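Hello,

Here is the structure we talked about. Please open it alongside this message, and my notes follow below.

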Amino acid sequence: MVQHKTPGDIERTSMSIILEELAEQGLTPPPEHQAVVCRVVHATADFDYARNLVFTPDAVQKGSDALLAGAPVITDTNMAKAGVSRPCLQKLGGEALCFMADAEVAAAAREKGTTRAVAAVDKAAAQYPGAVLAFGNAPTGLLRAAEWIEQGYRPALVIGAPVGFVNVVESKEHALEVCRKAGVPAILAMGRKGGSGVAAAICNALLYTACGTLDPAARGWN
């Protein structure tokens, strides 16, 4: 018989189960990472993320602070953009953007012989300094962001969670090295796993932290 029916109850019970199982596996995250790890596990039902997620120092706090100050979130897929909490963004005066379907980005990609993800990062770096960059699909975009960072670009946070088999592992390892060297906050899902849902889950953990709505009751859920 189904015992948990309301959205808030389902989420709270899910998080309780996740924390219990993490503890059983000896994978309890440090308090500052708990919201991100739990929300990614909640979105994927995959406890490997407790091992795979890597955080630069104070990345969660710095990312939350940037969102609290209204920093935009720029994603590499419209799916990830759709998954980012609009109510929280509106409350904080921010917005989620994706340039993958932008006509100018498509034209720039054709002209330069690059992927749209690369051209989209070029637009983000030029027009949105201080943004939160969230990658759940495109390793070429993450690699391009690393190039911009090496040239002095300073996003508020890099979320690196591309999924797949080509350039995925390498892009994350390189981005982590570059972000550490440049002092750019970063949260990355190392290895092959990731996806738009993971990128959105990380964004939402940071947004809920910034909004004070980690508990679903604070979002109006029973």
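**Lys-123 and its surroundings**

Leaving out neighbours up to four places away in sequence, Lys-123 is in contact with Phe-99, Asp-102, Val-105 and Tyr-128. Please keep in mind that this is a predicted model. Lys-123 sits in helix 8. Its relative accessible area is 16%, so Lys-123 is buried. The cut-off for buried is under 20%.

**Helix 7 against helix 8**

Lys-123 is also one of the residues in a helix-helix contact. The partners are helix 7, residues 103–112, and helix 8, residues 116–127. They pack at an angle of about 120°, and their axes are 8 Å apart. That angle makes helix 7 oblique to helix 8. The crossing of helix 7 past helix 8 is right-handed.

Who makes the contact? From helix 7 come Val-105, Ala-106, Ala-108, Ala-109 and Lys-112. From helix 8 come Arg-116, Ala-119, Ala-120, Asp-122 and Lys-123. By class, the contact of helix 7 with helix 8 has six nonpolar residues, four charged ones and no polar ones.

**Helix 2 against helix 11**

The next pair is helix 2, residues 31–44, and helix 11, residues 196–211. Their packing angle is about 140°, with the axes 8 Å apart. Helix 2 is therefore oblique to helix 11. Roughly antiparallel would need an angle over 145 degrees. Helix 2 passes helix 11 in a right-handed crossing.

On the helix 2 side, the contact residues are Ala-35, Val-36, Arg-39, Val-40, Ala-43 and Thr-44. On the helix 11 side, they are Gly-197, Val-198, Ala-201, Ile-202, Asn-204, Ala-205, Leu-206, Tyr-208 and Thr-209. The residues of this contact between helix 2 and helix 11 divide into 10 nonpolar, four polar and one charged.

Take Ala-35 as a close-up. Ala-35 is placed in helix 2. Not counting residues up to four places away in sequence, Ala-35 touches Ala-205, Thr-209 and Leu-214. Ala-205 and Thr-209 belong to the helix 11 side of the contact. Ala-35 and Leu-188 are 153 residues apart in sequence, and their C-alpha atoms are 15 Å apart in space.

**Gly-141**

Is Gly-141 buried or exposed? Gly-141 is buried, with a relative accessible area of 0%. Gly-141 is part of helix 9, residues 139–150. Beyond residues up to four places away in sequence, Gly-141 touches Ala-117, Val-121 and Phe-135. Asp-58 is 83 residues from Gly-141 along the chain, and their C-alpha atoms are separated by 24 Å.

**Cysteines**

How many disulfides does the structure hold? It holds zero. Cys-98 is in no disulfide, and the nearest cysteine sulfur, that of Cys-203, is 12 Å away. Cys-98 is buried, at 14% relative accessible area.

A disulfide needs the two sulfur atoms within 2.5 Å. Cys-203 counts as buried too, at 2% relative accessibility.

Best wishes

How values were computed:
Residues are numbered from 1 along each chain as its sequence is written. This is a predicted model: local features need pLDDT of at least 70, side-chain atom pairs count only at pLDDT 80 or more; totals for chains, interfaces and linings use all residues. Side-chain values use heavy atoms; hydrogens and water are left out. Axes are lines fitted to C-alpha atoms, for helices over the stretch in contact, and angles run from 0 to 180 degrees between N-to-C directions. Helices (H or I, at least four residues) and strands (E, at least two) are DSSP runs, numbered from the N terminus. Angles under 35 degrees count as roughly parallel, over 145 as roughly antiparallel, 65 to 115 as roughly perpendicular and the rest as oblique. A crossing is left-handed if the near helix is turned anticlockwise from the far one by less than a right angle, and right-handed if clockwise. Contact means heavy atoms within 4.5 Å. Ala, Val, Leu, Ile, Met, Phe, Trp, Tyr, Cys and Pro count as nonpolar, Asp, Glu, Lys and Arg as charged, and the others, Gly among them, as polar. Buried means under 20% relative accessible area, exposed over 50%, partly exposed in between (1.4 Å probe, protein chains only).
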